[in-house]
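Here are some notes for a colleague who has not looked at this structure before. Please read them with the model open.

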Amino acid sequence: MPSLEDPVEKASNIALMPRKKFGKETDTSVKVLTTTSVDPWSACEIQKAQLEDPTIKLILEKKLNSADRPSWQEIAPESPATKRYWALWDSLHLKDGVLYRRWDSDGGSSCRWQLILPKSRIPEILRETHDSASAGHFGIMKTFK
């Protein structure tokens, strides 16, 4: 006597059943993998890199916790680079928790925000600015024109 089962339901049930291959049961279910990509230039990642850089860390922590410049006694034992950032204290500002230097043009007509670049990011910047086809200049004669 023929079966009264729904053929679509039977096929879907068969598709979900584990398979036997060479005497071993094999799981054929599909697993969905999700990957998240982290933007290495996001504010969070740059701040993390700045905090991992020993020359920037102390200055960034002080800026995050207080508007007051630390005393020279606190900075004196630090590296020359950290002392340089200390000297630039008034031109250093936080944007989204990331340390930048405000650079004003000589006439004061324009201002630029310069990222305080962690040492770990320098090779990447140099690669991007020097190794690409559009990097560099057109030669001395066109540069001076």
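The points below go from the overall layout to the core and then to one hairpin.

1. This is a predicted model. The protein has 7 helices and 5 strands. Read from the N terminus, the order of elements is α-β-β-α-α-α-α-β-β-β-α-α.

2. Of the 145 residues, 18% count as buried. Among contacts between residues at least 6 apart in sequence, 42% join residues at least 24 apart.

3. The largest nonpolar core holds 12 residues: Ile 56, Leu 58, Ile 59, Leu 60, Ile 75, Tyr 85, Trp 86, Leu 88, Trp 89, Leu 92, Leu 99 and Ile 116. Two or more of these residues come from each of helix 3 (54-65) and helix 5 (80-87). Helix 3 gives the most, with 4 residues. In soluble globular proteins, nonpolar side chains tend to be buried together.

4. Which residues does Leu 60 touch, leaving aside those up to four places away in sequence? They are Gln 47, Gln 50, Leu 51, Leu 94, Gly 97 and Leu 99. Of the residues involved here, Leu 60 and Leu 99 are both members of the core in point 3.

5. Strand 3 (residues 92-95) and strand 4 (residues 98-104) run antiparallel and are joined by 4 bridges. The two strands form a hairpin with 2 residues between them. Lys 95 stands opposite Val 98 in strand 4. In the turn, Asp 96 has a positive phi of about 55 degrees.

Methods
Residues are numbered from 1 along each chain as its sequence is written. This is a predicted model: local features need pLDDT of at least 70, side-chain atom pairs count only at pLDDT 80 or more; totals for chains, interfaces and linings use all residues. Side-chain values use heavy atoms; hydrogens and water are left out. Buried means under 20% relative accessible area, exposed over 50%, partly exposed in between (1.4 Å probe, protein chains only). Contact means heavy atoms within 4.5 Å. A nonpolar core is a set of buried Ala, Val, Leu, Ile, Met, Phe, Trp, Tyr and Cys residues joined through side-chain atoms within 4.5 Å. Two strands pair if DSSP finds at least two bridges between them.
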